[in-house]
Amino acid sequence: MPQLTKSRQKHYLLNASVIVAALGYFVDIYDLVLFSIVRIPSLRDLGVTDQTQLLEQGVMLLNMQMIGMLIGGVAWGVLGDKRGRLSVLFGSIFLYSVANLMNGFVTTIPMYAFLRLIAGIGLAGELGAGITLVSEVLPKEKRGYGTMAVATIGISGAILAGFIGEYFGWRTAYFIGGGLGLLLLFLRVGVYESGMFDNLKKTQSVTRGNFLSLFTNLSRFWKYLKCILIGLPIWYVVGILITFSPEFGIALGMQETVSAAKAVSFCYLGLTFGDFASGYLSQRFKSRRYIVVAFLGLTAFFVAVYLLGSAFSLNAFYTLCVALGFASGYWAVFVTIAAEQFGTNIRATVTTTVPNFVRGAVVPLTLSFSYLKDGIGLVPGALILGVLSLALALVAILSLEETYAKDLDYTEPI
């Protein structure tokens, strides 16, 4: 009998939904971070050579991608609760794959900006749909392992993006990302819809996918906002400290030039191990909250080392990128918390919009960063944003309920 139980658990954790969601997120992350890696060479190839313009145009294009993710997050989330998790999972993969193939053909900055917007819309749907599906098909005591697998495998896509971006042309890098996504669509056979969602569809009296319902109830709104704030430090690290690492290298007095591609790759190497560690520890200690608090503490420590240090060697700087990635690698637990906080009828809406609003927070973060660096300097400006992000995340996680092994088969009264 024990052997049968072990076999069943193994089957649960390695089912087709987990595998496809993980591989989809792998391609999602590859495409998501690719622009940060090829930002400078692609802009130079398109005629932008001035150092100030490289930064400003880079911020603009990154913001276009993130605005697309905000739009797509809402659209895909609502569709996930109205039409199903699978339709969003594969629809988003198709859209971001085609958009990234087209990115390889751009010849002007406006064309580049438009396609980053479309790619952002496509990239917005895969993670939320995948995490929602995995959370609903796995046993409640084991779902943390499933979401850990999705995040850990998915985050490692950035390592491939770093390698491709460093050693291949930027157009080729976009072609590879788009091609990988289209190949992934062949794996959709054998993936089945969530039983919870199928049962919910039979209940005509329950409202599904009502995005506005998250704002019409004060308690529900605060819970939703807290879920978003928990993830803010992750994208502060990735969107500010790592994306603009070449500029920080200069400001910190480094003698050697920092490669954005290598900085991203090393950061995501740390994120891969961090996501595995945080997901495993949340299962081992049966707590989502306390693990997030511990990782926020680690993030604060390494942000301080990064911004208050000076004249790092190149190897020391890249090692610090790994450490920052590991410390902020609680993405798996963060998205799992969002999925576990809300009922089945708006779960996909929440789980899709929350990570995209966190990613989209890069827009106000980068705008604030640009304003602060002009007023008080690059490093002090980044330090202020870091303290604010970490403080908000800490308050948010400490005021949310613990959701480990929570039964998710319920609906929200709307």
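Student: At 1% relative accessibility, does Arg143 count as buried or exposed?

Tutor: Quick ground rules: this is a predicted model, where local features need pLDDT of at least 70 and side-chain atom pairs count only at pLDDT 80 or more, while totals for chains, interfaces and linings use all residues. Residues are numbered from 1 along each chain as its sequence is written, and side-chain values use heavy atoms, with hydrogens and water left out. Buried means under 20% relative accessible area, exposed over 50% and partly exposed in between (1.4 Å probe, protein chains only). At 1%, Arg143 counts as buried.

Student: Which residues does Arg143 touch, not counting residues up to four places away in sequence?

Tutor: Arg143 sits in helix 7, residues 143-155 (helices are DSSP runs of H or I with at least four residues, strands are E runs with at least two, numbered from the N terminus). Its C-alpha atom is 9.5 Å from that of Ile131, twelve residues apart along the chain. Taking contact as heavy atoms within 4.5 Å, and skipping residues up to four places away in sequence, Arg143 touches Ser135, Leu138, Arg288, Glu340, Thr403, Ala405, Lys406 and Leu408.

Student: On to rings. How many aromatic pairs are there?

Tutor: Rings of Phe, Tyr and Trp (its six-membered ring) pair if their centres lie within 6.5 Å; planes under 30 degrees apart count as stacked, over 60 as edge-to-face and the rest as tilted. By this rule, the count of aromatic pairs is 25.

Student: What is the geometry of the pair formed by Phe248 and Phe369?

Tutor: Phe248 lies in helix 14 (residues 245-251) and Phe369 in helix 20 (residues 362-375), so the pair ties together parts that are 121 residues apart in sequence. Both residues are buried. The centres are 5.8 Å apart with 25 degrees between the planes, and the pair is stacked.

Student: Which class does the aromatic pair of Tyr306 and Phe317 belong to?

Tutor: Tyr306 comes from helix 16 (residues 289-308) and Phe317 from helix 17 (residues 314-327), so this pair ties together parts that are eleven residues apart in sequence. Tyr306 has a relative accessible area of 0% and is buried; Phe317 is buried too, at 0%. At 5.4 Å centre to centre and 45 degrees between the planes, the pair is tilted.

Student: How do helix 16 and helix 17 run relative to each other, roughly parallel or roughly antiparallel?

Tutor: They pack at an angle of about 160 degrees with their axes 8 Å apart (axes are lines fitted to C-alpha atoms, for helices over the stretch in contact, with angles from 0 to 180 degrees between N-to-C directions). On helix 16 the contact is made by Phe295, Leu298, Thr299, Phe302, Val303, Val305 and Tyr306, and on helix 17 by Phe317, Leu320, Ala323, Leu324, Phe326 and Ala327. Angles under 35 degrees count as roughly parallel, over 145 as roughly antiparallel, 65 to 115 as roughly perpendicular and the rest as oblique. Helix 16 and helix 17 are therefore roughly antiparallel.

Student: Which residues of helix 12 and helix 18 make the contact between them?

Tutor: The axes of helix 12 (residues 218-230) and helix 18 (residues 331-341) come within 9 Å and cross at roughly 170 degrees. These two helices are therefore roughly antiparallel. The contact is made by Lys223, Cys227, Ile228 and Ile230 of helix 12, and on helix 18 by Phe334, Ile337, Ala338 and Gln341.

Student: Which residues is Pro355 in contact with, leaving aside its neighbours within four places in sequence?

Tutor: Pro355 is found in helix 19 (residues 347-360), and at 1% relative accessibility it counts as buried. Its C-alpha atom and that of Gly125, 230 residues apart along the chain, are separated by 9.9 Å. Apart from neighbours within four places, Pro355 is in contact with Leu127, Trp331, Phe334, Val335 and Val350.
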